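Reader: I have a model on my screen and want to read its side-chain contacts. Where do I start?

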Amino acid sequence: MSSRTVSFSSNLTVAPAMFWGLLLQRCLFIGDTTHDMQMAVAAGVGFVGVSWGYHPIDRFDAAFRVAETPQSVYLAITDWLECET
């Protein structure tokens, strides 16, 4: 992780990556709220919003993709990983 300061919320996103020794740029947050998206952005990780969750999909302006089915979450993950390599 870089030496930048992270907020408590984004630290909740970063902590699992740090625990497992993962690079943040290789992590992807799957969420259903704009708060989830904001945590991902603050932590420097990718974000995929899901359409069946709490917030409407038009609010996921920083999402790599909005998934409309569980299968499309999988496709979003594989596409995102291909973009990152």
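Author: Start with Asp 79, which is partly exposed at a relative accessible area of 28%. Buried means under 20% relative accessible area, exposed over 50%, partly exposed in between (1.4 Å probe, protein chains only). This is a predicted model: local features need pLDDT of at least 70, side-chain atom pairs count only at pLDDT 80 or more, and totals for chains, interfaces and linings use all residues. Residues are numbered from 1 along each chain as its sequence is written, and side-chain values use heavy atoms, with hydrogens and water left out.

Reader: Which side chain does Asp 79 meet in a salt bridge?

Author: Side chains of opposite charge can pair when their charged atoms come close. A salt bridge needs a side-chain nitrogen of Lys or Arg within 4 Å of a carboxyl oxygen of Asp or Glu. Here the partner is Arg 65, at 2.7 Å, N to O. Arg 65 sits in strand β3 (residues 65–67) and Asp 79 in helix α3 (residues 70–84), 14 residues apart. Helices (H or I, at least four residues) and strands (E, at least two) are DSSP runs, numbered from the N terminus. Arg 65 is partly exposed, at 30%. The count is 1 salt bridge.

Reader: How many aromatic pairs does the structure hold?

Author: A pair of aromatic rings is described by the distance of the centres and the angle of the planes. Rings of Phe, Tyr and Trp (its six-membered ring) pair if their centres lie within 6.5 Å; planes under 30 degrees apart count as stacked, over 60 as edge-to-face and the rest as tilted. The structure holds 3 such pairs. In one of them, Phe 29 and Phe 47 have centres 6.1 Å apart and planes at 40 degrees, so the pair is tilted.

Reader: Are Phe 29 and Phe 47 buried or exposed?

Author: Phe 29 is buried at 17%. Phe 47 is buried at 2%. Phe 29, Phe 47 and Phe 60 form one aromatic cluster.
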